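Colleague: I am new to this protein and would like to be taken through it. Could we look at it together?
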Amino acid sequence: MRILVAPDKFKGTLGAAEAAEAMAAGVRRSLPGAEVELLPLSDGGEGFVEALLHGLGGELHHVRVTGPLGDEVRASYGRLRDGRTAMETSAASGLQLVPEARRDALRASSRGTGELLVTVAGLGGEVLVGLG
């Protein structure tokens, strides 16, 4: 029997890769002879770069950009093995970067997403942008 385990993240608990591993462990306990393939997915938001790196290989990199409230944040992007670069808007402008008490859509900015895009575009090659 072949089983494909292809979850998205479980926000606030597990990333897609960790969720896939946990599910696969359960399948292997229940069906020891099963062939289990893991394919972590993303809807384009948080976890997009992680899912691409898991599936295609590559390296995670970090850069400092302007966060949603104007403070500096550490945003990540991935250089894929095939030469493309992947980024997600949530790394620089995501809701997880803003404490609940400070959330104000009219004051927040996506400037950091632009800064991240300038950085990855400057590396050359195709850029994959996740927007969840």
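Modeller: In this predicted model, the secondary structure of the protein comprises 4 helices and 6 strands.

Colleague: In what pattern do they follow along the sequence?

Modeller: Read along the sequence, the pattern is β-α-β-α-β-β-β-α-α-β.

Colleague: What box do the C-alpha atoms fill?

Modeller: Taken along the principal axes, the C-alpha atoms of the protein fill a box of roughly 55 × 40 × 20 Å. The protein has 132 residues, of which 36% count as buried.

Colleague: And how much accessible surface is there?

Modeller: The accessible surface of the protein is about 7800 Å², and carbon and sulfur atoms hold 53% of that. As for contacts in the protein with a separation of 6 or more, 59% of them are between residues 24 or more positions apart.

Colleague: Let us turn to the helices. Which residues of H4 are buried?

Modeller: Helix H4 covers residues 111-121, and Gly112, Thr113, Leu116 and Val120 are buried in it.

Colleague: Why do they lie on the same side of H4?

Modeller: They cover an arc of only 100° around the axis, and therefore they sit on the same side of H4. As background, an α-helix has 3.6 residues a turn, so residues three or four places apart point the same way.

Colleague: Which residues are exposed on the other side of H4?

Modeller: Arg111 and Val118 are exposed there, on the other side of H4.

Colleague: And what do the buried residues of H4 pack against?

Modeller: They pack against strand S3 (58-66), S4, strand S5 (85-88), H3 and strand S6 (127-130).

Colleague: Now H2. Which of its residues are buried?

Modeller: Phe48, Val49, Ala51, Leu52 and Leu53 are buried in H2. The cover over the buried residues of H2 includes S3, S4, S5 and S6.

Colleague: Which residue follows H2, and is its phi positive or negative?

Modeller: Gly57 follows H2, and the phi of Gly57 is positive, near 80°.

Colleague: How many residues line the largest pocket, and which lie nearest its centre?

Modeller: The lining has 16 residues, and those nearest the centre of the largest pocket are Glu46, Gly47, Glu50, Ser76 and Glu88. By kind, the lining of the largest pocket divides into 6 nonpolar, 5 polar and 5 charged residues.

Colleague: Ser76 is in that list. Where is Ser76 found, and is Ser76 buried or exposed?

Modeller: Ser76 is found in strand S4. Its relative accessibility is 18%, so Ser76 counts as buried; the cut-off for buried is under 20%.

Colleague: What is Ser76 in contact with?

Modeller: Leaving aside neighbours within four places in sequence, Ser76 is in contact with Leu60, His61, His62, Ala91 and Leu116. Of these contacts, Leu116 is one of the buried residues of H4.

Colleague: What about Thr89, where is that found?

Modeller: Thr89 is in the loop between S5 and H3. Thr89 counts as buried because its relative accessibility is 18%. Not counting residues up to four places away in sequence, Thr89 touches Gly94, Thr113, Val129, Gly130 and Leu131.

Colleague: One more region, the loop between S2 and H2. What can you say of Leu41 there?

Modeller: Leu41 lies in the loop between strand S2 (35-38) and H2, and at 38% relative accessibility Leu41 counts as partly exposed. Apart from residues up to four places away in sequence, Leu41 touches Ala6, Pro7, Asp8, Lys9, Ala16 and Ala51. From C-alpha to C-alpha, Leu41 and Gly55 are 9.0 Å apart in space, and they are 14 residues apart in sequence.

Colleague: And which residues does Ser42 touch?

Modeller: Ser42 is also in the loop between S2 and H2, and Ser42 is partly exposed with a relative accessible area of 26%. Ser42 touches Asp8, Gly47, Phe48 and Ala51, with residues up to four places away in sequence not counted. Ser42 and Glu18 are 24 residues apart along the chain, and 13 Å separates their C-alpha atoms.

Technical notes. Residues numbered from 1 in each chain as written. Predicted model: local features only at pLDDT ≥ 70, side-chain atom pairs only at ≥ 80, totals over all residues. Heavy atoms only, no water. 1 Å grid on protein atoms, 1.4 Å probe; cavity = no way out; pocket = protein on both sides within 12 Å on 5 of 7 lines; lining within 4 Å. Nonpolar A, V, L, I, M, F, W, Y, C, P; charged D, E, K, R; others polar. Buried < 20%, exposed > 50% of the residue type's maximum accessible area, 1.4 Å probe, protein only. Helix = DSSP H or I, 4+ residues; strand = E, 2+ residues; numbered from the N terminus. Arc of directions from axis to C-beta. Contact = heavy atoms within 4.5 Å. Areas by Shrake-Rupley, 256 points an atom, 1.4 Å probe, with all protein chains shown as cover.
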